[in-house]
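Please examine the model shown below together with its sequence. The report that follows describes selected local features of the fold.

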Amino acid sequence: MTNPTPTPGIHHVTCIAGDPQQNLDFWVETLGLRLAKRSINQDDPSTYHFFFTDAEGNPGTSMTFFPWENMSRGKVGTGQVSRTAFRVPEGSLDYWEDRFDQYDVDYDERIERFGETVLPFRDPDGLPVELVEVEIPDDDPTVPWTEFVPEESAIRGFHSVTLWIADPEATTDLLKTMGFDEVGTEQAQGDMAGDERRRFAAEGPVGKYVDVLPTIESSRQGLGTVHHVAFQTPTDEDQESMRKAVQSKGLRPTQQINRHWFRSVYFREFGGVLFELATNGPGYASDEPLDELGERLVLPGEFEARRDEIEAGLTDVTIPRAGSVEADD
């Protein structure tokens, strides 16, 4: 078969949280991302689905969460996205360490990885996250959201995800099929010290890296773990060519599913990580004005007819506003 259109990189990462208000407060106020969409899990409308992005909801910037309030804590291990990393401008990690001290965020000492400086931390549910200092080009497609964090320090979309895989060879071969090239190896640091970290890069400007680490560490899905990682297949044609390529590898991708702001195909790759292929359109501003993103609960498709029932089952939440937050001097 012909090769698929290569993916430009990560589209979004979806994770599991607990308390929805705590999740909102951390990702909007502490980290300074925009709540671009407040909706529901379309497979489980009894829980929210929050989408945290840059100022315009661009592909490659969406960290999304299902806040399942009664779920037990998970365990990061094999067959999972173990780390999600965001880009921040060069020289901004001092700002972030000061901010993490101010907001009592659990973080570790900086490390160097592939020539870049990395600041590891955890969100309130224990989700492992990283900030990576990079040079942000003038023509970068992301737009910083500056309600809580100044432009010179603001998060600028994804840098990478790290996959923990028991036997990485089939996974790395799949990544190459999807359009990632292997660009380096180095000895891992921290909790995987001594293992070989392999880096793969796509051609896009945002979310272009996937790191793969071998581990047999046991895993359990729950609070503080990643549910799935989605990769950009910008058009329906791109997605279908990638779907066929994945299928030719012996995997079992779903048919296309309409997720209202993008269209999706799902499959578990060889190591057990749930992958999604997501189109870039129609986008988060397709059903509400750009300057009003996240203001209201959006119920896609047939769920609007059940609004009263759905709203009655959801916990009330308040979106953090810079004007209503007491400044700490």
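**Conventions**

The model is predicted, so that local features need pLDDT of at least 70 and side-chain atom pairs count only at pLDDT 80 or more, whereas totals for chains, interfaces and linings use all residues. Residues are numbered from 1 along each chain as its sequence is written, and side-chain values use heavy atoms, with hydrogens and water left out. Helices (H or I, at least four residues) and strands (E, at least two) are DSSP runs numbered from the N terminus. A residue is termed buried under 20% relative accessible area, exposed over 50% and partly exposed in between, with a 1.4 Å probe and protein chains only. Contact, including packing and touching, means heavy atoms within 4.5 Å.

Helix α2 spans residues 93–102, and its buried residues are L93, W96, E97, R99 and F100. Seen down the axis, these residues fall within an arc of 165°, so they line one face of α2; the arc is that of the directions from the helix axis to the C-beta atoms. The partners against which the buried residues of α2 pack are α1, β5 (80–89), β6 (106–107), β8 and β9 (128–134). After α2 comes D104, with a positive phi near 60°.

Helix α4 comprises the 13 residues 236–248, which should span 18 Å at 1.5 Å a residue; the end C-alpha atoms are 18 Å apart, in agreement. The expected span is 1.5 Å times one less than the number of residues. In α4, D238, Q239, M242, R243, A245 and V246 are buried. They cover an arc of only 165° around the axis, which puts them on the same side of α4. Their packing partners are helix α3 (169–178) and the strands β16 (263–268) and β17 (274–278). G250 follows α4 and has a positive phi near 100°.

**Aromatic pairs and a charge over a ring**

A pair of aromatic rings is described by the distance of the centres and the angle of the planes. Rings of Phe, Tyr and Trp (its six-membered ring) pair if their centres lie within 6.5 Å; planes under 30 degrees apart count as stacked, over 60 as edge-to-face and the rest as tilted. By this criterion the structure holds 20 aromatic pairs. One of them is the tilted pair of F26 and F121, with 6.5 Å between centres and 40° between planes. This pair links distant parts of the chain, 95 residues apart: F26 belongs to helix α1 (residues 20–30) and F121 to strand β8 (residues 116–122). F26 and F121 are both buried.

The rings of F231 and F275 have centres 5.0 Å apart and planes at 65°, so this pair is edge-to-face. It too links distant parts of the chain, with F231 in strand β14 (residues 226–232) and F275 in strand β17, 44 residues apart. Both F231 and F275 are buried.

R199 lies over the face of Y209, at 4.7 Å from the ring centre. A charge sits over a ring if NZ of Lys or CZ of Arg is within 6 Å of the ring centre and within 35 degrees of the ring normal.

**Two buried threonines**

T14 lies in strand β1 (residues 10–17) and is buried, at a relative accessible area of 0%. Beyond its neighbours within four places in sequence, T14 contacts H49, T64, F66, V226, H227 and H228. The side chains of T14 and T64 are joined by a polar contact of 2.6 Å. Such a contact is a pair of N or O atoms within 3.5 Å; within protein, one must be able to donate a hydrogen and the other to accept it, and residues adjacent in sequence count only if both atoms are side-chain atoms. The C-alpha atoms of T14 and T225 are 9.1 Å apart, although 211 residues separate them along the chain.

T171 is located in helix α3 and is likewise buried, with a relative accessible area of 0%. Excluding residues up to four places away in sequence, T171 touches L163, I165, E269, F270 and G271.

**Backbone exceptions**

Most residues other than glycine have a negative phi, and most peptide bonds are trans.

A cis peptide bond joins G281 and P282, with omega about 5°. P282 is placed in the loop between β17 and α5 (307–313).
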